[in-house]
Amino acid sequence: MTPNLTPEERELIKLVGFFKKRAERMIEEQKVDQEYSQLIETCDKLVAQIELHGKNRDIVLGEREQLKSLVKDNAVCPKCSSNANMKLIGTDVNDKGWKSNKYKCRKCNIEFVWNAPNNPWDMIPYVENFLSDLEAKLQAEPDQSLKEHTAGVLNLMKANLDKLKPVVEASDLDLAELEEREKEMADMVKKFKKHLLIEKIRMED
């Protein structure tokens, strides 16, 4: 699989390809000394590094996309209680900063925002808030059988939340590391491109 590279990374790989062909020919013709052999080796190492970074970028961003898809709305129109004629038309942010999907019911001709977040990052505080409210209600519930049933639901939700949290935290850590590496790679690509352009001018003299 070819990694998804930035335009700058692709440009440098193209430049490396041009430089290598020219340098190898000039080494054969003994027009340049062997220091170019070392530079060719450095070029190969850098290209391998760029491609490895591109693959890692694809993995981290791909995993985040998969993580987003874990949260699925079971949204229904508040008027006709059906999801048969609904169309996703955008997103909305509530006062707590949680993002939710916005829908239009073509049958009822109404727009509405679904009452739950559309992503795992906002779903965690949303569920924590819901569990806190549910626990408070449970304390005041006089019906023992209802209390036991609700406690079972509560424990299940807590278990699911405990599974989701470390996955989201690991993804955030991977993204932070990727962003740090992106800065380093962008800097390296910029400097090496500059260096190769100077060498290219030297070759043409």
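Over how many bridges do strand β2 and β3 pair, and in which sense? I found five bridges, antiparallel, with β2 covering residues 99–105. Two strands count as paired if DSSP finds at least two bridges between them. Strands are DSSP runs (E, at least two residues), and helices are runs of H or I with at least four, numbered from the N terminus.

I noted the source. This is a predicted model, where local features need pLDDT of at least 70, side-chain atom pairs count only at pLDDT 80 or more, and totals for chains, interfaces and linings use all residues. Residues are numbered from 1 along each chain as its sequence is written, and side-chain values use heavy atoms, without hydrogens and water.

Next, the whole sheet. It is open, with three antiparallel strands in the order β1-β2-β3. β1 (86–93) and β3 (110–117) are the edge strands, each pairing on one side only. I also logged one bridge: cysteine 105 partners isoleucine 110 in β3.

Then I searched for disulfides (cysteine sulfur pairs within 2.5 Å). The whole structure has zero. The closest cysteine sulfur to that of cysteine 108 is in cysteine 80, at 3.7 Å, so it is too far for a bond.

Last, I checked the lining of the largest pocket. α4 (144–204) and α3 (120–140) each supply at least two residues. α4 gives the largest share, four residues.
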